[in-house]
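My plan is to look things up piece by piece and jot down what turns up.

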Amino acid sequence: MIIRVRLPDGSPFRVHLDDRGPPPTLAAVRAAVVADGRVATSPPFGLAREPRCTVLYMPSEESRPLDTLGVRHGDWVYVAGQMVPPPAAVAGPGVNGTLAAAAAAGSSAAGANGTLGAAAGTPVVPGADKPGRCLHGPRGMCERCAPAEDARARYQAELAKWRGRGMSIAVLEALEALKFKIKAPEGDPAAASVSLDSAAAQSFQQYLASTGFGQQRYGVLYGTEALAPPKAAGEDAEDGDAGARMDTSAGDGGSGASGAGSVADAGPSEGEVRPKDVRVEVIYEPPQMGDGETYRLGEDSGDANGTAAGDTVSGSGSGGASVDMDSRAERLAGWLGLRQVGIVFSARPRRCLLSGRDVAVVAEAVLSVERRYGTAAAASFVAIVVTLAEDGQTLFEAYQVSEQAVAMVRAGVVKPAAEQKPNSGKLLTSEPVFVEGKEVTAVHTEFFLVNVRIRAHEGWLRSAFPVENRELAPQTVGHMASALDKGLPFYRRVSDFHLLLFLSNMLDMEVDMPRLAAAVAQQRELSPDEDGYRLMIEAIASPSGQ
């Protein structure tokens, strides 16, 4: 059996698989690509169904036979990733005596109009994101091997050159160019809609109601995304109040991991950038100590899940354990075929949609997701705010922050989240920016928000076990007995993210949890050599084991 593979630089690659024994899987194709050595393995590359690499195979699908995925002899599989740069593009002098790769000094920040750049403090290797190799001679120069140039760094260097020497036209131009010109986002959001698991949403709002919204909460959204279907005629007219209220009808529920977030789609047409539909399956609540005014995260509960690193509670005492739980939650979500797709937080009734602190926290989370999953994943990042309406109903509203807001945070123009006012509708900046021709240091948050439609669905994961880190409803071993309902197959009984995260306190994260999570992701019974996990878990949950 031959599978044709298209590498990121467009070059073809044939994989010969033996189909005379066990059916070959997508994992064998991945192993062949890794053995070939031309594709970078860090960060891990994906395998896609179509040339644009917009619809990727889920990790849980890689262990399934190829014919069950519709892949047959002679079919194409597309690699979504980066090629290993040639030695001349990594380091060292080139053939013409100059450095072939120039790392950008300091932070490669965003341009003054909000163009996204590299993450702050990350060295920039010219052409690292461009596949292929240089085709010119030793004296030539192309965009791959040319030194990287950052417009903001150029202007800042001009200012440094003139510091202490008075003013000049060049200085005035640099000062003007470095200031952001605030403008409202245009066009459709990158996330066409977000669908929230109804059981997860219900659990989140019920806990808020039990505290009378006197303890604001924060959560990390884990899920999947898929290409949104093309808009029907006249659909734009109803998008105006996209973030108004969650539609709680659950009509498109999934029954298994393999169906979540995958769309059989022909892909966008040439030149079209189609938005994504985001599907949230889990709300993970990190260690936190919220109050009636705002959510407050535990100390050091930061970068692993995209939260504000500086937004801490002094004396909370949850530092090391918090980081460990965040890391375990992130790894567990990955084993289940999920990744962080957004954040959710609650707020007391106020006049603004999102506060300045909310916008700063969301933008910092977007940058964290960009570092971990790439720019495409960060583009569809959503923020859901849960508020209490005047009539006593709980409202779920979904938004995205604009690229300009993310660029300002990357450039260090926005004050840290800890310095923002929690319920003010203005984003505070550390240097003046232009809003409608005027220099200001506080910008209305509406300039940075885009409404996203929100609805509900019945997800494939259960929500029978209590959610972690809730002060008024702590998890105990005693909850396991009720969560492990005997009327279901074992793999369905443990198909609960919060139960699996609780079990990760007892089982090994390197050996035990990956195998247990794989059975949940594939919705299959445990193999004979894995059945010991069932006996162990049932023994822990039994009254004699507590």
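Is Phe213 buried or exposed, going by its relative accessibility? I looked it up: Phe213 counts as buried, because its relative accessibility is 10%. Buried means under 20% relative accessible area, exposed means over 50%, and partly exposed is in between, with a 1.4 Å probe and protein chains only.

**Ground rules**

I'm working with a predicted model, where local features need pLDDT of at least 70 and side-chain atom pairs count only at pLDDT 80 or more, while totals for chains, interfaces and linings use all residues. Residues are numbered from 1 along each chain as its sequence is written, and side-chain values use heavy atoms, with hydrogens and water left out.

**Overview**

I find 13 helices and 15 strands in the protein. These are DSSP runs numbered from the N terminus: H or I for helices, at least four residues, and E for strands, at least two. The protein has 546 residues, and 47% of them count as buried. I also checked contacts, meaning heavy atoms within 4.5 Å. Among those between residues at least 6 apart in sequence, 72% join residues at least 24 apart. The protein exposes about 25,000 Å², with carbon and sulfur atoms supplying 54% of that; the areas come from the Shrake-Rupley method with a 1.4 Å probe, and for residues only the protein chains shown count as cover.

**Helix 4 and what follows**

I went to helix 4, residues 198-210, next. Its 13 residues should span 18 Å at 1.5 Å a residue, and the end C-alpha atoms are 18 Å apart, so the two agree. The expected span is 1.5 Å times one less than the number of residues.

Which residues of helix 4 are buried? I noted Ala200, Ala201, Phe204, Gln205, Tyr207 and Leu208. They cover an arc of only 155° around the axis, which means they sit on the same side of helix 4. That arc is taken from the directions from the helix axis to the C-beta atoms. A reminder to myself: an α-helix has 3.6 residues a turn, so residues three or four places apart point the same way.

The buried residues of helix 4 pack against several strands, including strand 6 (191-197), strand 7 (218-227) and strand 10 (339-347). At the N-terminal end, Asp197 is the cap: one of its side-chain oxygens lies 3.3 Å from the backbone nitrogen of Ala199.

After helix 4 comes Gly212, with a positive phi near 60°. Phe213, in the loop between helix 4 and strand 7, also has a positive phi, near 55°, and is not a glycine.

**Cores**

I then looked for nonpolar cores, which are sets of buried Ala, Val, Leu, Ile, Met, Phe, Trp, Tyr and Cys residues joined through side-chain atoms within 4.5 Å. The largest has 77 residues, and Leu336, Met480 and Phe497 have the most contacts inside it. Helix 6 (residues 356-373) gives the most to this core, with 9 residues. A second, separate core of 21 residues includes Leu208, Phe213, Ile384 and Phe396.

Setting aside neighbours within four places in sequence, I see Leu336 in contact with Trp460, Leu461, Phe497, Leu500, Ala517, Val520 and Ala521. Ala333 belongs to helix 5 (residues 319-335) and is buried, because its relative accessible area is 0%.

**Arg339**

What does the side chain of Arg339 make a polar contact with? I found the side chain of Glu225, at 2.9 Å. A polar contact is a pair of N or O atoms within 3.5 Å; within protein, one must be able to donate a hydrogen and the other to accept it, and residues adjacent in sequence count only if both atoms are side-chain atoms. Arg339 is in strand 10 and counts as buried, because its relative accessibility is 15%.

**Loops**

- Asn469 lies in the loop between strand 15 (449-457) and helix 9 (479-483). Its phi is positive, about 60°, although it is not a glycine.
- Ser42 and Pro43 are joined by a cis peptide bond, with omega about 5°. Pro43 is in the loop between helix 1 (26-36) and strand 3.
- Gly74 sits in the loop between strand 3 (46-48) and strand 4 (76-80). Gly74 and Ile2 are 72 residues apart in sequence but 5.5 Å apart in space, C-alpha to C-alpha.
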